Amino acid sequence: MSSTAAGAAFLLRSTSATTNPLLHLSSPKSKLLRLHSSRRRRLPVPRLSLTPPDTASSNSAPSPSPPPPSATPPPPLFPNWSPPRPIWRGLSALLLAGQVFHRVLTGRIHRRNLLAQLRRVGPGSAGVSLLTAAFVGMAFTIQFVREFTRLGLHRSVGGVLALALARELTPVVTAVVAAGRVGSAFAAELGTMQVSEQTDTLRVLGAQPIDYLVVPRVLACVLALPVLTLISFALGLASSAFLADAIFGVSTSIILESARRALRPWDLISSLIKSQVFGAIIAVVSCAWGVTTHGGAKGVGESTTSAVVISLVGIFIADFALSCLFFQGAGDSLKHAMG
């Protein structure tokens with residue numbers, strides 16, 4: 001009975017151990033399998049990375065190190081300073097005058113444009129210049145003839161008028177008229193072309209703006225103003241003689257004879273030289289102020305006004321310098337006029 005009960009208990013223990021999973025997993029072997037499966041399930045999943053791998057762990061060669069930064073230049077001495085506009089415009093006028101002189105010496109002259117500018121400066125300005133010279137001569141006659149007649153020096157009136165007109169009044173007045181009429185037109189035209197980029201178009205087409213625009217204008221003023229000065233001198237002296245004869249009773253023949261005795265060839269030559277210098281100043285300043293224009297229509301107006309003012313100042317300064325150079329030692333002309 002006891003052996004039968006022990007055998008039944010053994011069978012029940014063995015079947016329960018094989019059929020019960022809980023009892024089966026509690027065995028040492030099942031523990032090892034469970035541990036192995038849990039480790040296999042916890043393996044990390046590889047993830048994609050957008051960053052390049054570390055060079056220390058890769059087999060590729062290391063990338064070269066970036067170059068050292070270049071040395072920064074030293075800051076400028078005056079970072080916020082720029083030269084005043086009149087200074088660099090004056091320097092541009094000097095540079096432009098040198099370029100014009102070089103092109104004239106080398107013969108790089110646009111002849112067709114030169115003829116057009118000569119017609120414009122010469123015949124186009126003759127009417128205003130002659131009218132101005134006539135009234136200046138008559139006004140000068142009124143101031144001198146009355147006083148000289150009271151002193152009994154009516155025979156020297158013609159010589160005084162001729163010397164004043166030839167040496168000073170005629171070249172200066174003609175240059176002032178040309179600066180107001182021709183110089184302002186030059187500055188306005190070139191300023192408009194510069195603002196509208198027409199000068200850049202000339203460069204694209206293969207034409208130099210200095211050869212095509214500046215050189216003909218400078219030569220036209222230099223060549224036309226002496227002719228205007230001679231004609232204005234003749235008309236001014238004639239109007240003075242007519243007014244003296246008509247109002248003050250001084251004969252025209254006396255005035256013309258006195259003028260012939262007082263004048264010397266150097267007086268007329270110096271007048272022509274002054275006119276050429278004045279014409280060069282007017283043309284160079286007007287063209288330089290025109291080609292340095294910026295700022296649209298307002299800039300064109302400012303350049304035109306400034307060009308005329310600077311031209312007039314340059315004319316008066318040059319007249320003083322040339323008068324000191326030409327007539328510093330003269331003083332015997334009126335003795336010959338009084339005969």
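The model is predicted: local features need pLDDT of at least 70, side-chain atom pairs count only at pLDDT 80 or more, and totals for chains, interfaces and linings use all residues. Residues are numbered from 1 along each chain as its sequence is written, and side-chain values use heavy atoms, without hydrogens and water.

The protein chain contains 13 helices and zero strands (DSSP runs, H or I of at least four residues for helices and E of at least two for strands, numbered from the N terminus). Of its 339 residues, 36% are buried (under 20% relative accessible area, 1.4 Å probe, protein chains only). The chain exposes about 20,900 Å² (Shrake-Rupley method, 1.4 Å probe). Carbon and sulfur atoms supply 68% of that area. Contacts are heavy atoms within 4.5 Å. Among those between residues at least 6 apart in sequence, 86% join residues at least 24 apart.

Helix α10 spans residues 252–262. Its residues Ile255, Ser258, Ala259 and Ala262 are buried. They lie on the same side of α10, because they cover an arc of only 100° around the axis (taken from the directions from the helix axis to the C-beta atoms).

Helix α9, residues 209–248, packs against α10 at an angle of about 140°, with the axes 8 Å apart (lines fitted to C-alpha atoms over the stretch in contact, with angles from 0 to 180 degrees between N-to-C directions). α9 is therefore oblique to α10 (angles under 35 degrees count as roughly parallel, over 145 as roughly antiparallel, 65 to 115 as roughly perpendicular and the rest as oblique). Leu237, Ala241, Ala244 and Asp245 of α9 make the contact with Thr252, Ile255 and Ala259 of α10.

Definitions and conventions: Buried < 20%, exposed > 50% of the residue type's maximum accessible area, 1.4 Å probe, protein only.
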